[in-house]
Amino acid sequence: MLNLALWGGIAAIVLLAVAAVYSRRGGNTGIQEWMLRVEGLTGLCSDYLALIEQMDEPGHDIDTLRYLDGQRLVTHNQILDALGLDRSYPLDMPAFTRRYLKR
């Protein structure tokens, strides 16, 4: 009986993990059309993507990566503020910034 409960628990965890990955990667980016109509985010969106590109470049020491990540987080929060949202809103920020700049 314990073995059955253990396998049931493992199956539940796997299902939750798959659902979480699907919700983030499967098209549920949290982007709504009204967000793309908010004016004045072009500079912040460009800065956000530039910071991600810089972080992906090889050769940075840990202090530089921390600095870049801190700047990315500040920019992330500024975009959320401009949208009237907070960090609890499930917005895929890289997807949002790319889509905003393509509009």
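**Salt bridges in a predicted model**

At 45% relative accessibility, Glu-33 counts as partly exposed. The legends below describe a predicted model.

**View 1. Glu-33 pairs with Arg-99 in a salt bridge.** The closest N and O atoms of Glu-33 and Arg-99 are 2.5 Å apart. Glu-33 belongs to helix 2 (residues 33-36) and Arg-99 to helix 5 (residues 93-102), so the pair ties together parts that lie 66 residues apart in sequence. Arg-99 has a relative accessibility of 35% and counts as partly exposed.

View 2. Asp-69 counts as partly exposed at 31% relative accessibility. Arg-72, at 18%, counts as buried, because the cut-off for buried is under 20% relative accessible area.

**View 3. Asp-63 pairs with Arg-66 in a salt bridge.** For Asp-63 and Arg-66, the closest N and O atoms are 4.0 Å apart. Both residues are in helix 4 (residues 62-83), three residues apart, which is about one turn of the helix. Asp-63 and Arg-66 are both exposed.

**View 4. The whole protein has five helices and zero strands.** Three salt bridges are found in the whole structure. Of the 103 residues, 25% are buried. Among contacts with a separation of 6 or more, 73% join residues 24 or more positions apart. The accessible surface is about 7,200 Å², and carbon and sulfur atoms account for 60% of that surface.

Note on methods. Residues are numbered from 1 along each chain as its sequence is written. This is a predicted model: local features need pLDDT of at least 70, side-chain atom pairs count only at pLDDT 80 or more; totals for chains, interfaces and linings use all residues. Side-chain values use heavy atoms; hydrogens and water are left out. Helices (H or I, at least four residues) and strands (E, at least two) are DSSP runs, numbered from the N terminus. Buried means under 20% relative accessible area, exposed over 50%, partly exposed in between (1.4 Å probe, protein chains only). Contact means heavy atoms within 4.5 Å. Accessible areas come from the Shrake-Rupley method with a 1.4 Å probe; for residues, only the protein chains shown count as cover. A salt bridge is a side-chain nitrogen of Lys or Arg within 4 Å of a carboxyl oxygen of Asp or Glu.
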